[in-house]
Amino acid sequence: MEARKLDNKDLFGKSDPYLEFHKQTSDGTWLLVHRTEVIKNNLNPVWRPFKISLNSLCYGDMDKTIKVECYDYDSDGSHDLIGTFQATMTQLKEASRSSPVEFECINEKKRQKKKGYKNSGVVSVKQCEITVECTFLDYIMGGCQLNFTVGVDFTSSSGDLLFPDSLHYISPNGVNEYLTAIWSVGVVVQDYDADKMFPAFGFGAQIPPQWQVSHEFPMNFSPSNPYCKGIQGIVEAYRACLPQIKLYGPTNFSPIINHVARFAAAATQQQTASQYFVLLIITDGVITDLDETRQAIVNAAKLPMSIIIVGVGGADFSAMEFLDSDSGALRSPSGEVANRDIVQFVPFRQFQNAPKEALAQCVLAEIP
(Lines give C-alpha, C1' and ligand atoms only; values in the text may rest on other atoms or scores of the structure.)
Protein backbone atom coordinates (compact mmCIF):
# COMPACT_ATOMS: atom_id res chain seq x y z
CA MET A 1 0.00 0.00 0.00
CA GLU A 2 1.06 3.58 -0.62
CA ALA A 3 -0.47 7.05 -0.54
CA ARG A 4 -0.05 10.37 -2.31
CA LYS A 5 -0.74 14.01 -1.54
CA LEU A 6 -1.64 13.40 2.10
CA ASP A 7 -2.49 16.48 4.17
CA ASN A 8 0.42 17.98 6.02
CA LYS A 9 -0.33 18.04 9.76
CA ASP A 10 3.05 19.33 10.97
CA LEU A 11 4.26 22.93 11.25
CA PHE A 12 7.87 21.88 10.84
CA GLY A 13 8.55 19.22 8.21
CA LYS A 14 5.86 16.94 6.80
CA SER A 15 3.39 14.42 8.21
CA ASP A 16 4.66 11.04 9.50
CA PRO A 17 1.86 8.79 8.19
CA TYR A 18 0.78 5.31 9.24
CA LEU A 19 -2.37 3.25 8.61
CA GLU A 20 -4.68 1.47 11.04
CA PHE A 21 -7.07 -1.32 10.00
CA HIS A 22 -10.24 -1.94 12.01
CA LYS A 23 -12.90 -4.63 11.82
CA GLN A 24 -16.44 -4.24 13.11
CA THR A 25 -17.58 -6.51 15.93
CA SER A 26 -21.14 -7.82 16.27
CA ASP A 27 -22.09 -4.94 18.59
CA GLY A 28 -20.90 -2.37 16.03
CA THR A 29 -17.66 -1.29 17.73
CA TRP A 30 -14.47 -1.05 15.69
CA LEU A 31 -11.54 -3.20 16.71
CA LEU A 32 -7.94 -2.40 15.71
CA VAL A 33 -6.44 -5.44 13.95
CA HIS A 34 -3.31 -4.11 12.21
CA ARG A 35 -1.10 -1.03 12.26
CA THR A 36 1.57 -0.32 9.64
CA GLU A 37 4.96 1.18 10.38
CA VAL A 38 5.35 4.98 10.47
CA ILE A 39 6.92 6.60 7.38
CA LYS A 40 8.75 9.70 8.57
CA ASN A 41 8.39 13.11 6.93
CA ASN A 42 6.61 11.99 3.76
CA LEU A 43 3.27 12.96 2.16
CA ASN A 44 3.66 10.19 -0.47
CA PRO A 45 4.52 7.20 1.72
CA VAL A 46 5.11 3.59 0.57
CA TRP A 47 4.46 1.05 3.33
CA ARG A 48 6.11 -2.36 3.60
CA PRO A 49 3.99 -5.33 2.49
CA PHE A 50 2.30 -7.07 5.40
CA LYS A 51 0.48 -10.32 6.07
CA ILE A 52 -2.67 -10.75 8.17
CA SER A 53 -5.11 -13.61 8.51
CA LEU A 54 -8.51 -13.13 6.85
CA ASN A 55 -10.16 -14.07 10.13
CA SER A 56 -8.36 -11.24 11.95
CA LEU A 57 -9.12 -8.71 9.23
CA CYS A 58 -12.80 -9.40 8.52
CA TYR A 59 -13.84 -12.68 10.19
CA GLY A 60 -13.21 -14.34 6.81
CA ASP A 61 -16.18 -12.46 5.29
CA MET A 62 -15.10 -10.99 1.94
CA ASP A 63 -17.90 -8.40 1.98
CA LYS A 64 -17.59 -7.21 5.58
CA THR A 65 -16.60 -3.56 5.90
CA ILE A 66 -13.03 -2.80 6.92
CA LYS A 67 -12.29 0.72 8.19
CA VAL A 68 -8.84 2.13 7.39
CA GLU A 69 -7.60 5.26 9.18
CA CYS A 70 -4.54 7.26 8.17
CA TYR A 71 -2.78 9.13 10.98
CA ASP A 72 0.13 11.52 11.37
CA TYR A 73 2.36 10.08 14.10
CA ASP A 74 3.36 12.36 17.01
CA SER A 75 5.94 11.25 19.55
CA ASP A 76 3.81 12.54 22.45
CA GLY A 77 1.00 10.16 21.45
CA SER A 78 -1.40 12.86 20.20
CA HIS A 79 -1.55 11.38 16.69
CA ASP A 80 -3.59 13.48 14.23
CA LEU A 81 -6.18 11.85 11.98
CA ILE A 82 -5.43 12.63 8.33
CA GLY A 83 -8.41 10.78 6.89
CA THR A 84 -10.47 7.60 6.71
CA PHE A 85 -11.93 5.27 4.10
CA GLN A 86 -13.86 2.00 4.13
CA ALA A 87 -13.37 -1.07 1.96
CA THR A 88 -14.13 -4.77 1.69
CA MET A 89 -11.78 -7.65 0.88
CA THR A 90 -13.75 -8.14 -2.36
CA GLN A 91 -12.60 -4.65 -3.41
CA LEU A 92 -9.05 -4.97 -2.06
CA LYS A 93 -8.29 -8.25 -3.79
CA GLU A 94 -8.90 -6.64 -7.19
CA ALA A 95 -5.62 -4.75 -6.75
CA SER A 96 -2.71 -5.77 -8.93
CA ARG A 97 0.60 -4.22 -10.01
CA SER A 98 -0.92 -3.10 -13.31
CA SER A 99 -4.16 -1.71 -11.84
CA PRO A 100 -4.05 -0.55 -8.20
CA VAL A 101 -7.28 0.01 -6.26
CA GLU A 102 -7.51 3.57 -4.91
CA PHE A 103 -9.47 5.15 -2.08
CA GLU A 104 -9.96 8.80 -1.19
CA CYS A 105 -8.92 9.55 2.37
CA ILE A 106 -11.70 11.67 3.87
CA ASN A 107 -11.45 13.80 7.02
CA GLU A 108 -15.07 14.48 8.07
CA LYS A 109 -14.28 17.50 10.29
CA LYS A 110 -12.30 19.14 7.52
CA ARG A 111 -14.99 18.39 4.94
CA GLN A 112 -17.65 20.10 7.05
CA LYS A 113 -15.50 23.19 7.57
CA LYS A 114 -13.92 23.60 4.17
CA LYS A 115 -15.86 24.54 1.07
CA GLY A 116 -14.78 22.67 -2.04
CA TYR A 117 -13.03 19.98 0.05
CA LYS A 118 -12.04 17.02 -2.11
CA ASN A 119 -9.99 14.69 0.07
CA SER A 120 -7.00 14.54 2.40
CA GLY A 121 -5.02 12.40 0.01
CA VAL A 122 -5.41 9.13 -1.88
CA VAL A 123 -4.44 5.68 -0.55
CA SER A 124 -3.49 3.17 -3.22
CA VAL A 125 -3.55 -0.61 -2.79
CA LYS A 126 -0.87 -1.87 -5.17
CA GLN A 127 -1.21 -5.58 -4.57
CA CYS A 128 -3.42 -7.85 -2.49
CA GLU A 129 -3.23 -11.63 -2.59
CA ILE A 130 -5.13 -14.24 -0.64
CA THR A 131 -3.01 -17.32 0.00
CA VAL A 132 -4.29 -20.49 1.61
CA GLU A 133 -1.92 -21.87 4.23
CA CYS A 134 -2.76 -25.51 4.86
CA THR A 135 -2.23 -27.00 8.29
CA PHE A 136 -0.43 -30.31 8.68
CA LEU A 137 -3.80 -31.90 9.43
CA ASP A 138 -5.07 -30.68 6.03
CA TYR A 139 -2.23 -32.62 4.39
CA ILE A 140 -3.00 -35.76 6.41
CA MET A 141 -6.71 -35.49 5.51
CA GLY A 142 -5.64 -35.02 1.89
CA GLY A 143 -3.86 -38.36 1.85
CA CYS A 144 -0.31 -37.57 2.99
CA GLN A 145 1.13 -40.76 4.53
CA LEU A 146 3.25 -40.78 7.68
CA ASN A 147 6.13 -43.23 7.58
CA PHE A 148 7.61 -44.16 10.96
CA THR A 149 11.08 -45.66 11.28
CA VAL A 150 12.36 -46.86 14.64
CA GLY A 151 16.00 -46.74 15.75
CA VAL A 152 17.08 -48.49 18.96
CA ASP A 153 20.31 -47.74 20.84
CA PHE A 154 22.30 -50.94 21.47
CA THR A 155 25.42 -49.33 22.94
CA SER A 156 27.12 -50.64 26.07
CA SER A 157 26.31 -47.49 28.06
CA SER A 158 22.93 -49.11 28.72
CA GLY A 159 24.70 -51.68 30.93
CA ASP A 160 25.44 -55.39 30.56
CA LEU A 161 22.42 -57.31 29.30
CA LEU A 162 22.82 -60.01 31.92
CA PHE A 163 22.46 -57.68 34.91
CA PRO A 164 19.17 -56.32 36.21
CA ASP A 165 20.48 -52.72 36.26
CA SER A 166 20.89 -52.78 32.45
CA LEU A 167 18.20 -50.91 30.54
CA HIS A 168 18.18 -53.84 28.07
CA TYR A 169 17.86 -56.50 30.82
CA ILE A 170 14.57 -58.33 30.31
CA SER A 171 12.95 -58.89 33.70
CA PRO A 172 11.27 -62.18 34.68
CA ASN A 173 7.90 -60.70 33.65
CA GLY A 174 9.30 -60.04 30.16
CA VAL A 175 9.79 -56.28 30.06
CA ASN A 176 12.50 -53.62 30.23
CA GLU A 177 12.52 -49.85 29.81
CA TYR A 178 13.31 -50.04 26.08
CA LEU A 179 10.39 -52.41 25.46
CA THR A 180 8.04 -50.26 27.54
CA ALA A 181 9.11 -47.16 25.59
CA ILE A 182 8.78 -48.89 22.20
CA TRP A 183 5.30 -50.08 23.13
CA SER A 184 4.03 -46.85 24.73
CA VAL A 185 5.30 -44.53 22.01
CA GLY A 186 4.55 -47.01 19.22
CA VAL A 187 0.89 -47.20 20.22
CA VAL A 188 0.72 -43.40 19.91
CA VAL A 189 2.25 -43.23 16.44
CA GLN A 190 0.99 -46.40 14.75
CA ASP A 191 -2.50 -44.98 14.12
CA TYR A 192 -1.00 -42.39 11.76
CA ASP A 193 0.82 -44.96 9.60
CA ALA A 194 -1.56 -46.52 7.09
CA ASP A 195 0.20 -49.81 6.36
CA LYS A 196 1.59 -50.27 9.91
CA MET A 197 4.83 -51.65 8.47
CA PHE A 198 7.72 -50.08 10.36
CA PRO A 199 11.38 -50.30 9.33
CA ALA A 200 13.27 -50.92 12.61
CA PHE A 201 17.02 -50.53 13.04
CA GLY A 202 19.56 -50.92 15.78
CA PHE A 203 22.76 -48.94 16.18
CA GLY A 204 25.96 -49.12 18.21
CA ALA A 205 26.25 -52.92 18.46
CA GLN A 206 28.64 -55.54 17.11
CA ILE A 207 26.65 -57.78 14.82
CA PRO A 208 27.20 -61.32 13.50
CA PRO A 209 28.84 -62.91 11.62
CA GLN A 210 31.92 -60.60 11.39
CA TRP A 211 31.14 -58.77 14.67
CA GLN A 212 31.79 -55.37 13.15
CA VAL A 213 30.15 -52.34 14.81
CA SER A 214 27.08 -51.15 12.90
CA HIS A 215 25.18 -47.89 13.28
CA GLU A 216 22.18 -48.85 11.13
CA PHE A 217 21.46 -52.57 11.05
CA PRO A 218 17.95 -53.98 10.53
CA MET A 219 16.75 -55.48 13.81
CA ASN A 220 15.32 -58.44 11.91
CA PHE A 221 18.71 -58.87 10.14
CA SER A 222 16.99 -58.63 6.76
CA PRO A 223 18.60 -55.69 4.87
CA SER A 224 16.26 -56.06 1.88
CA ASN A 225 13.15 -56.07 4.09
CA PRO A 226 13.72 -54.30 7.43
CA TYR A 227 9.96 -53.89 8.01
CA CYS A 228 8.19 -55.08 11.15
CA LYS A 229 4.44 -55.62 11.20
CA GLY A 230 2.93 -53.27 13.75
CA ILE A 231 4.35 -52.44 17.16
CA GLN A 232 4.12 -56.13 18.08
CA GLY A 233 6.48 -56.83 15.16
CA ILE A 234 9.03 -54.31 16.45
CA VAL A 235 8.83 -55.80 19.95
CA GLU A 236 9.38 -59.30 18.56
CA ALA A 237 12.31 -58.15 16.39
CA TYR A 238 13.89 -56.42 19.41
CA ARG A 239 13.53 -59.53 21.59
CA ALA A 240 14.97 -61.80 18.89
CA CYS A 241 17.82 -59.40 18.13
CA LEU A 242 19.10 -58.89 21.72
CA PRO A 243 20.71 -62.32 22.28
CA GLN A 244 22.39 -62.25 18.84
CA ILE A 245 24.38 -59.01 19.22
CA LYS A 246 27.04 -57.53 21.50
CA LEU A 247 26.28 -54.10 22.98
CA TYR A 248 29.17 -51.88 22.00
CA GLY A 249 29.63 -48.29 20.84
CA PRO A 250 30.15 -45.47 20.10
CA THR A 251 26.66 -43.90 20.13
CA ASN A 252 26.35 -42.37 16.66
CA PHE A 253 22.99 -40.87 15.67
CA SER A 254 23.95 -39.39 12.30
CA PRO A 255 23.97 -42.63 10.22
CA ILE A 256 20.34 -43.50 11.00
CA ILE A 257 19.21 -39.85 10.61
CA ASN A 258 20.91 -39.71 7.19
CA HIS A 259 19.39 -43.12 6.31
CA VAL A 260 15.82 -41.83 6.80
CA ALA A 261 16.73 -38.47 5.23
CA ARG A 262 17.60 -40.26 1.97
CA PHE A 263 14.02 -41.57 1.74
CA ALA A 264 12.60 -38.15 2.66
CA ALA A 265 14.78 -36.53 -0.03
CA ALA A 266 13.47 -39.02 -2.61
CA ALA A 267 9.88 -38.12 -1.62
CA THR A 268 10.53 -34.46 -2.45
CA GLN A 269 10.97 -35.49 -6.11
CA GLN A 270 7.28 -36.45 -6.25
CA GLN A 271 4.71 -33.97 -7.58
CA THR A 272 2.48 -34.22 -4.51
CA ALA A 273 3.15 -33.84 -0.79
CA SER A 274 2.21 -37.44 -0.18
CA GLN A 275 4.94 -38.68 2.20
CA TYR A 276 6.19 -37.47 5.57
CA PHE A 277 8.89 -39.34 7.50
CA VAL A 278 9.25 -39.64 11.26
CA LEU A 279 12.31 -41.22 12.85
CA LEU A 280 11.78 -42.46 16.39
CA ILE A 281 15.11 -42.94 18.23
CA ILE A 282 15.05 -44.71 21.59
CA THR A 283 18.30 -44.09 23.47
CA ASP A 284 19.92 -43.89 26.91
CA GLY A 285 21.07 -40.39 26.02
CA VAL A 286 24.85 -40.54 25.70
CA ILE A 287 25.87 -39.33 22.19
CA THR A 288 29.29 -39.52 20.55
CA ASP A 289 28.92 -37.86 17.13
CA LEU A 290 27.26 -34.62 18.23
CA ASP A 291 28.74 -32.49 15.41
CA GLU A 292 27.79 -34.98 12.66
CA THR A 293 24.33 -35.30 14.20
CA ARG A 294 23.86 -31.51 14.26
CA GLN A 295 24.80 -31.38 10.57
CA ALA A 296 22.45 -34.28 9.76
CA ILE A 297 19.55 -32.55 11.56
CA VAL A 298 20.17 -29.18 9.85
CA ASN A 299 20.17 -31.00 6.47
CA ALA A 300 17.03 -32.99 7.36
CA ALA A 301 15.20 -29.80 8.45
CA LYS A 302 14.79 -28.97 4.74
CA LEU A 303 13.02 -32.31 4.12
CA PRO A 304 9.55 -33.70 4.97
CA MET A 305 10.93 -35.29 8.13
CA SER A 306 10.76 -35.10 11.94
CA ILE A 307 12.80 -36.83 14.64
CA ILE A 308 11.44 -37.95 18.00
CA ILE A 309 14.12 -38.88 20.54
CA VAL A 310 12.85 -40.86 23.52
CA GLY A 311 15.32 -40.94 26.41
CA VAL A 312 15.20 -44.07 28.60
CA GLY A 313 16.94 -44.42 31.94
CA GLY A 314 18.15 -41.61 34.11
CA ALA A 315 21.31 -40.51 32.29
CA ASP A 316 22.39 -36.97 31.46
CA PHE A 317 20.09 -35.87 28.64
CA SER A 318 21.61 -32.40 28.11
CA ALA A 319 22.75 -33.35 24.57
CA MET A 320 19.17 -34.37 23.70
CA GLU A 321 17.79 -31.08 25.08
CA PHE A 322 20.40 -29.28 22.98
CA LEU A 323 19.30 -31.12 19.80
CA ASP A 324 15.65 -30.34 20.58
CA SER A 325 16.72 -26.66 20.48
CA ASP A 326 13.50 -25.22 21.92
CA SER A 327 15.51 -22.34 23.38
CA GLY A 328 16.95 -21.28 20.00
CA ALA A 329 17.59 -22.57 16.50
CA LEU A 330 19.99 -25.50 16.14
CA ARG A 331 23.13 -24.72 14.15
CA SER A 332 25.45 -27.03 12.25
CA PRO A 333 29.16 -26.94 13.19
CA SER A 334 29.72 -24.56 10.24
CA GLY A 335 27.07 -22.18 11.61
CA GLU A 336 24.18 -23.03 9.24
CA VAL A 337 20.86 -22.57 11.04
CA ALA A 338 18.16 -25.27 10.87
CA ASN A 339 15.22 -23.72 9.03
CA ARG A 340 12.75 -25.39 11.41
CA ASP A 341 12.80 -27.33 14.66
CA ILE A 342 12.38 -30.99 13.67
CA VAL A 343 13.57 -32.68 16.89
CA GLN A 344 11.32 -33.46 19.84
CA PHE A 345 12.96 -34.94 22.93
CA VAL A 346 10.81 -36.96 25.35
CA PRO A 347 12.31 -38.05 28.71
CA PHE A 348 10.41 -41.32 29.08
CA ARG A 349 10.69 -41.68 32.87
CA GLN A 350 8.73 -38.45 33.35
CA PHE A 351 5.77 -40.08 31.61
CA GLN A 352 5.94 -43.64 32.94
CA ASN A 353 3.14 -43.09 35.42
CA ALA A 354 1.35 -40.33 33.52
CA PRO A 355 -1.84 -40.94 31.50
CA LYS A 356 -1.02 -42.08 27.96
CA GLU A 357 -2.60 -38.89 26.57
CA ALA A 358 0.20 -36.86 28.22
CA LEU A 359 2.87 -39.01 26.56
CA ALA A 360 1.04 -38.82 23.21
CA GLN A 361 0.82 -35.03 23.40
CA CYS A 362 4.52 -34.70 24.16
CA VAL A 363 5.58 -37.21 21.48
CA LEU A 364 3.54 -35.61 18.71
CA ALA A 365 3.98 -31.96 19.83
CA GLU A 366 6.35 -30.93 17.05
CA ILE A 367 5.23 -33.02 14.08
CA PRO A 368 5.89 -31.00 12.10
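How many helices and strands does the protein chain have? In this predicted model, the protein chain has 10 helices and 17 strands. Its radius of gyration is 30 Å, well over the 21 Å that the globule rule gives for 368 residues, so the chain is more spread out than a compact globule. Along its principal axes, the C-alpha trace spans about 100 × 40 × 40 Å. Buried residues account for 47% of the 368 residues, and of the contacts with a separation of 6 or more, 68% are between residues 24 or more positions apart.

An unreviewed UniProt entry lists residues 1–103 as "domain: C2".

K5 counts as exposed, at 68% relative accessibility.

C58 has its place in helix α1 (residues 54–58) and counts as buried, at 1% relative accessibility. Leaving aside neighbours within four places in sequence, C58 is in contact with K23, K64, I66 and M89. The C-alpha atoms of C58 and Q91 are separated by 13 Å, although these residues are 33 residues apart along the chain.

When residues up to four places away in sequence are not counted, E69 touches Y18, L19, E20, H22, L81, G83 and T84.

## Cysteines without disulfides

The structure holds zero disulfides. C105 counts as buried, at 1% relative accessibility. C241 is likewise in no disulfide, with the nearest cysteine sulfur, that of C228, 9.9 Å away, and C241 is buried, with a relative accessible area of 0%.

## Backbone details in loops

Most residues other than glycine have a negative phi, and most peptide bonds are trans. Against that background, a cis peptide bond joins P208 and P209, with omega about 0 degrees, and P209 has its place in the loop between β10 (205–207) and β11 (212–214). The peptide bond from G249 to P250 is also cis, with omega near 0 degrees, and P250 is placed in the loop between β14 (246–247) and α7.

F221 lies in the loop between β12 (217–218) and β13 (227–229), and its phi is near 60 degrees, a positive value in a residue other than glycine. At 28% relative accessibility, F221 counts as partly exposed.

S254 is found in helix α7 (residues 254–267) and is buried, with a relative accessible area of 9%. Apart from its neighbours within four places in sequence, S254 is in contact with D289, E292, T293 and A296.

Which residues of helix α10 (residues 356–364) are buried? In α10, L359, C362 and V363 are buried. Seen down the axis of α10, the buried residues fall within an arc of 100 degrees, so they line one face of the helix. On the other side of α10, E357 and Q361 are exposed. What covers the buried residues of α10 includes α5 (177–190), β16 (305–311) and β17 (343–347).

## Accessibility of the residues discussed

The table gathers relative accessibility for residues described above.

| Residue | Relative accessibility | Class |
|---|---|---|
| K5 | 68% | K5: exposed |
| C58 | 1% | C58: buried |
| C105 | 1% | C105: buried |
| F221 | 28% | F221: partly exposed |
| C241 | 0% | C241: buried |
| S254 | 9% | S254: buried |

Note on methods:
Residues numbered from 1 in each chain as written. Predicted model: local features only at pLDDT ≥ 70, side-chain atom pairs only at ≥ 80, totals over all residues. Heavy atoms only, no water. Buried < 20%, exposed > 50% of the residue type's maximum accessible area, 1.4 Å probe, protein only. Helix = DSSP H or I, 4+ residues; strand = E, 2+ residues; numbered from the N terminus. Arc of directions from axis to C-beta. Contact = heavy atoms within 4.5 Å. Disulfide = S-S within 2.5 Å. UniProt positions renumbered as here; feature names shortened; annotations may be inferred. Rg over C-alpha atoms; globule rule 2.2 N^0.38 Å.
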